[in-house]
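Let's take a walk through this model, one region at a time. Keep the viewer open and follow along.

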Amino acid sequence: MNTDQKMRQSTSASAYGGRAGTDAGDGDPPVRAKRFWSARRVPAGIVALVVFAVSGLLLYDVAAVRSGRPAMRWREWLADQLAARPLDDPWIMSGAALLAALGVWMVVLALTPGLRGLLPMRSPGAGAGAGKDVEEAEAGVAGVAVRAGIDRTSAGLVLRDRAMEVPGVRSARVDVGRRRIRARALAHFRDLDEVRADLDTALHEGIHQLGLARRPALSVRVRRSAKSKG
């Protein structure tokens with residue numbers, strides 16, 4: 001990287017919890033917060049409808065055969081195909097692979113929480129002691145459990161507004177992930193290192209005010225437009 005490039009870009013990467021002493025809130029102990037689980041009503045409804053339709057059709061066909069009527073043509077055709085085709089037939093292997101993929105997909109949906117776009121927030125009183133679960137600190141004044149979360153897009157907009165308040169920032173973009181927040185800013189005056197330092201401080205304060213249960217790492221990059229001078 002030449003001298004001109006160094007003057008046009010300033011980068012920092014720091015852990016949010018590593019700024020002890022900047023304010024009282026940064027020293028709060030981490031809290032283990034459970035993620036929100038998706039109800040997944042659409043996949044569950046689709047699976048239920050498919051199982052219901054196939055089961056009803058098979059039950060009707062079996063009852064019809066038991067009563068002396070001939071089986072449906074599609075079931076006879078399917079039975080003949082399964083009896084005539086070997087196990088290494090491409091159609092048999094493709095169908096088995098498709099069914100296996102659907103099974104794995106259903107298992108993944110059952111074991112993962114989903115809702116990756118929703119970040120858990122600290123509950124009232126969650127900082128009462130280190131290592132406590134949220135369940136122990138979730139009790140409100142009336143003994144009602146309180147859980148809160150914030151959308152990652154909304155959190156990014158809040159932090160972007162924070163970044164735009166920093167003197168020298170012309171435009172900013174903040175991408176909020178589950179473990180890391182990446183901020184990209186374009187400066188049009190002031191020294192890049194000074195803008196980056198102020199932006200880093202403002203964003204750390206903004207992250208703290210969001211009240212996230214899991215404190216993400218912060219990456220800040222500031223650059224100057226090629227058309228800008230100074």
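V158 sits in helix α6, residues 152-164; helices here are DSSP runs of H or I with at least four residues, strands are E runs of at least two, and both are numbered from the N terminus. V158 is partly exposed, because its relative accessible area of 39% falls between the cut-offs: buried is under 20%, exposed is over 50%, and partly exposed is in between, with a 1.4 Å probe and protein chains only. Its C-alpha lies 9.7 Å from that of L203, although 45 residues separate V158 and L203 in sequence.

Before going on, some ground rules: this is a predicted model, where local features need pLDDT of at least 70 and side-chain atom pairs count only at pLDDT 80 or more, while totals for chains, interfaces and linings use all residues. Residues are numbered from 1 along each chain as its sequence is written, and side-chain values use heavy atoms, with hydrogens and water left out.

Now for the core. The largest nonpolar core has 25 residues; such a core is a set of buried Ala, Val, Leu, Ile, Met, Phe, Trp, Tyr and Cys residues joined through side-chain atoms within 4.5 Å. L159, V176, I181, L199, L203, V220 and V222 have the most contacts inside this core. Two or more residues each come from α6, β4 (169-176), β5 (180-187), α7 and β6 (217-224), and α7 gives the most, with seven. Take L199: setting aside neighbours within four places in sequence, L199 is in contact (heavy atoms within 4.5 Å) with A163, V166, A185, V220 and V222.

Helix α7 spans residues 192-210 and also holds E194. E194 counts as partly exposed because its relative accessibility is 45%. From E194 to V222 is 28 residues along the chain, and their C-alpha atoms are 10.0 Å apart.

Next, the largest pocket, which holds about 260 Å³ of space. On a 1 Å grid over the protein atoms alone, a pocket is an open set of points with protein on both sides within 12 Å along at least five of seven lines, and lining residues have an atom within 4 Å of a point. Grid points are joined across faces, edges and corners, and the volume is the space filled by probe spheres set on the points. Both α3 (73-84) and α4 (90-111) supply at least two lining residues, with α4 giving the most, six. Among the lining residues are W77, R85, W91 and G95. By class, the lining has eight nonpolar residues, two polar and one charged; Ala, Val, Leu, Ile, Met, Phe, Trp, Tyr, Cys and Pro count as nonpolar, Asp, Glu, Lys and Arg as charged, and the others, Gly among them, as polar.

R40 counts as buried because its relative accessible area is 16%. L115 also has a positive phi near 50° in a non-glycine residue, this time in the loop between α4 and β2 (118-120). L115 is partly exposed, since its relative accessible area is 38%.

Zooming out, the chain has seven helices and six strands, and 28% of its 230 residues count as buried.

Terms used. On a 1 Å grid over the protein atoms alone, a cavity is a set of points where a 1.4 Å probe fits but cannot get out, and a pocket is an open set with protein on both sides within 12 Å along at least five of seven lines; lining residues have an atom within 4 Å of a point.
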